[in-house]
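Please study the sequence and the structure before reading each solution.

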Amino acid sequence: MIETLQTIFPSCTYSNDAKSVTTAAYQWFITKENEMIGIRKDELMNRDLTLLSAFLTPYHVKLPAMSRNEQLWTKLVHNGDIPATMHHVNNYRFVYFSFPINQLDPSAFKEAIQAIFTSEIAILWENDHTGIIVEIDDKGLSYEQIVDVLMSDLYVKIKFYVGEYHKDLQQAKSYYNRLLNDAPAAFSYTKDNVISYMYAIPYLIVDQADHTFLQMLAETVLKDILQDAEILETIEAFIQHNLNISVTAKVLYMHRNSLQYRIDKFIEKTGIDIRQFQAAMTVKLALLAKKHLDL
């Protein structure tokens, strides 16, 4: 489709980058496959908009008005300037969030998430479906519980990447930019709705490694079962559930003996005792490397 549109509108572009869809010079549309297509507004006439809207969904960025607190945090993370009124902040963290394009009004999300917290939070929007929540001294909240509540109330799949707590506001700008890069990378490796920065580290290591190393890692560790999807899925679940055979068997709806057979087969084929923690971590990285290569 995009090739055809480009012959009519030279500026036509495709994007899967959340930041770019806020570009004011472009009119954005969503395809049935949930892809983003943008065309410069100065190339479009009213009749073009009418025609395109017949088979594409127009996409408009509609964000809630920023509070004074949100304005101060926005200035900090974009310019690095620490407002005098924020010097009292000594314990904060950023939490990345995302939900599907055009499926939830940002104001409804803000209202729902704010109702969960005991104090006012700041939401720094990247566009109308991704952004950063700023928490200050609000420890103890479980995002696993929060995401269940929100998805139950809003009927939309929401994802959270929970960053670490910081004390130095001078780190806020780099911290903010790092989360915007790390969160999408981490979510590309897992179906989990909530990831903490600590558990995302293996994903980020693999994401930043070069192709040659990843190929060597996958082939060296996984060996003869590199293409055995059944065994690989079983081993991945076994690691994910802390090497617990009973829990893994239950999750996979598998008899313990069948699960044990696959584990034994993995050990036999690779020479790696997956039941040992250090070995399991190596295998986890190899599985992530394969997933990265298959993307």
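**Exercise 1.** Determine in which sense S6 and strand S7 pair, and over how many bridges.

*Solution.* Strand S7 covers residues 130–136, and its pairing with S6 is antiparallel, over four bridges. Strands are DSSP runs of E with at least two residues, helices are runs of H or I with at least four, both numbered from the N terminus; two strands pair if DSSP finds at least two bridges between them. The model is predicted: local features need pLDDT of at least 70, side-chain atom pairs 80 or more, while totals for chains, interfaces and linings use all residues. Residues are numbered from 1 along each chain as its sequence is written, and side-chain values use heavy atoms, without hydrogens and water.

**Exercise 2.** State the order of the five strands in the open sheet and identify which strands stand at the edges.

*Solution.* The order is S6-S7-S5-S8-S9, with mixed pairing. Strand S6 (122–125) and strand S9 (194–196) are the edges; each has a single partner strand, so one side of each lacks a neighbour in the sheet.

**Exercise 3.** Describe the aromatic pair of Trp73 and Tyr92, and where its members lie.

*Solution.* Rings of Phe, Tyr and Trp (its six-membered ring) pair with centres within 6.5 Å; planes under 30 degrees apart are stacked, over 60 edge-to-face, the rest tilted. Trp73 belongs to helix H3 and Tyr92 to strand S5, 19 residues apart.
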